[in-house]
Amino acid sequence: MDKEIKYEDCLGWAARDPSGKLSPYNFTRRAPCSDDVSLKITHCGVCYADIIWGRNKFGDAKYPLVPGHEIVGVVKEVGSDVKNFKVGDHVAVGTFVDSCRDCEYCVERNEILCSEHPIFTFNGLDKYGMITKGGYSGHIVVSERFCYKIPEGYPPAKAAPLLCAGITVYTPMIRHKMNQPGKSLGVIGLGGLGHLAVKFGKAFGLNVTVFSTSASKKTEALELLGADKFVLSSDEQEMKSLVNTLDFIIDVASGDHPFDPYLALLKACGVLVLVGAPSEVRLRPTSLLMGAKSIAGTATGGTKHTQEMLEFCAARKIYPEIEVIDIQYINEAHERLINRDVKYRFVIDIENSLK
């Protein structure tokens, strides 16, 4: 660790209390140390986590709180020991900015599972004793290990949602081998994460079925996102017709919902990966025992899979569906996100609106 830490002024937007209302906020960040990259932020995606911590839903918010962990920008300065980045590079920062770097998971570059717990991009405590502040701000400084190269030509605004929404569904798809062409995938819920699960599934050559409680999403699921089938989950007959037909299910729904009807759709040895966070998971043991089925959880992903995903998206021309907003609209955007009124991810134009 560098002996003397210097600091720089930074402008951001912060929540000051559990109302979650955001407003301009001046604070300081450390100047780059020897292994750091400093980037001017151009865009930041809006994630539901920004609302959860901004409104202190978990009881651990550290105010003033600057949210944002889907960060895209341009390198403006590098430390003396940085080898993989240079000034002017287009780069990104995701949901965490440090880890112990020594445990078995960090050695495998799966730092999100760090035994000492990763340091989150905002509302965390870093090794310098500072509360981390996120991407609703003008710049950020991170170790080069936790900075990602955005492939040449990939639109920066569309890259932002990949840093949380994208990697959160990409990681379990790779872990559970959902990249086998010809296999069948069910996606429960069609929001910021669900629409990317559909896009990844199609890019992997899967037969994709979308399950939703809203019939209004059928046209976009099939025509915009390219799903093979759309099922209204309240249609019992259609649900029954799909029993034992799916190899995998990704469940991104955060509202409470039954699990047994979906587990019945899996083939023997099929897996349902839980990405959303309902208040509880209730199921009959026989839903797993009969057919040797399994249910798994997932977080986001480590540095290895994140860089791999960015390159995969560029090569396959996978682009999130976004609505670009000014930072001054962020409080309204949060309300719309709560009301599920976005298709499918807000992205803040930091470069042109943060003044």
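Reply: The count of disulfides is zero, where a disulfide is a pair of cysteine sulfur atoms within 2.5 Å. The model is predicted, so local features need pLDDT of at least 70 and side-chain atom pairs count only at pLDDT 80 or more, while totals for chains, interfaces and linings use all residues. Numbering runs from 1 along each chain as its sequence is written, and side-chain values use heavy atoms, with hydrogens and water left out.

For Cys 44, the closest cysteine sulfur is that of Cys 47, at 9.5 Å, which is too far for a bond. Cys 44 is buried at 0% relative accessible area; buried means under 20%, exposed over 50%, and partly exposed in between, with a 1.4 Å probe and protein chains only. Cys 147 is in no disulfide either, and its nearest cysteine sulfur, in Cys 44, is 14 Å away. Cys 147 is buried too, at 5%.

Next, the nonpolar interior. A nonpolar core is a set of buried Ala, Val, Leu, Ile, Met, Phe, Trp, Tyr and Cys residues joined through side-chain atoms within 4.5 Å. The largest has 49 residues, and Met 178, Leu 185, Phe 200 and Ile 250 touch the most other members. Elements that each supply at least two residues to this core include helix 3 (156-159), helix 4 (165-175), strand 10 (184-188), helix 5 (192-203), strand 13 (246-251) and helix 10 (303-316). Helices (H or I, at least four residues) and strands (E, at least two) are DSSP runs, numbered from the N terminus. Helix 4 gives the most, with six residues.

Ile 250 shows how these pieces meet. Contact means heavy atoms within 4.5 Å. Beyond its neighbours within four places in sequence, Ile 250 contacts Val 169, Met 173, Met 178, Leu 185, Gly 186, Val 187, Ile 188, Ala 197, Val 273 and Val 275. A separate core of 36 residues lies apart from the largest one, and its members include Cys 44, Val 142, Cys 147 and Leu 354.

Helix 4 is largely enclosed by the rest of the structure, because 10 of its 11 residues are buried. Among them are Ala 165, Val 169, Tyr 170, Pro 172, Met 173 and Ile 174. The buried residues of helix 4 pack against strand 10, helix 5, strand 13, strand 14 (266-274), helix 10 and strand 17 (345-349). After helix 4 comes Lys 177, which has a positive phi near 55 degrees.

Helix 5 is also mostly covered, with 10 of its 12 residues buried. The buried set includes Gly 192, His 195, Lys 199 and Phe 200. Cover for these residues includes helix 4, strand 10, strand 11 (207-212), strand 13, helix 10 and strand 17. From first C-alpha to last, helix 5 reaches 17 Å, close to the 16 Å expected at 1.5 Å a residue; the expected span is 1.5 Å times one less than the number of residues. Just after helix 5, Gly 205 has a positive phi of about 85 degrees.

Helix 10 contains Gln 307, which counts as buried at 18% relative accessibility. Setting aside neighbours within four places in sequence, Gln 307 contacts Tyr 148 and Lys 149. In the loop between helix 10 and strand 16 (322-325) lies Lys 317, a non-glycine residue with a positive phi of about 55 degrees. Lys 317 is exposed, at 60% relative accessible area.

Asn 244 lies in the loop between helix 7 (236-241) and strand 13. Its phi is positive, near 60 degrees, and it is not a glycine; at 47% relative accessibility, Asn 244 is partly exposed. Between helix 11 (330-338) and strand 17, the loop holds Tyr 344, joined to Lys 343 by a cis peptide bond with omega about -5 degrees.

Finally, the whole chain as context. The protein has 12 helices and 17 strands. Its radius of gyration is 20 Å, close to the 20 Å from the globule rule for 355 residues, so it is as compact as a globular protein of that length; the radius is taken over C-alpha atoms, and the rule is 2.2 Å times the number of residues to the power 0.38. Of the 355 residues, 55% count as buried. Among contacts with a separation of 6 or more, 66% join residues 24 or more positions apart.
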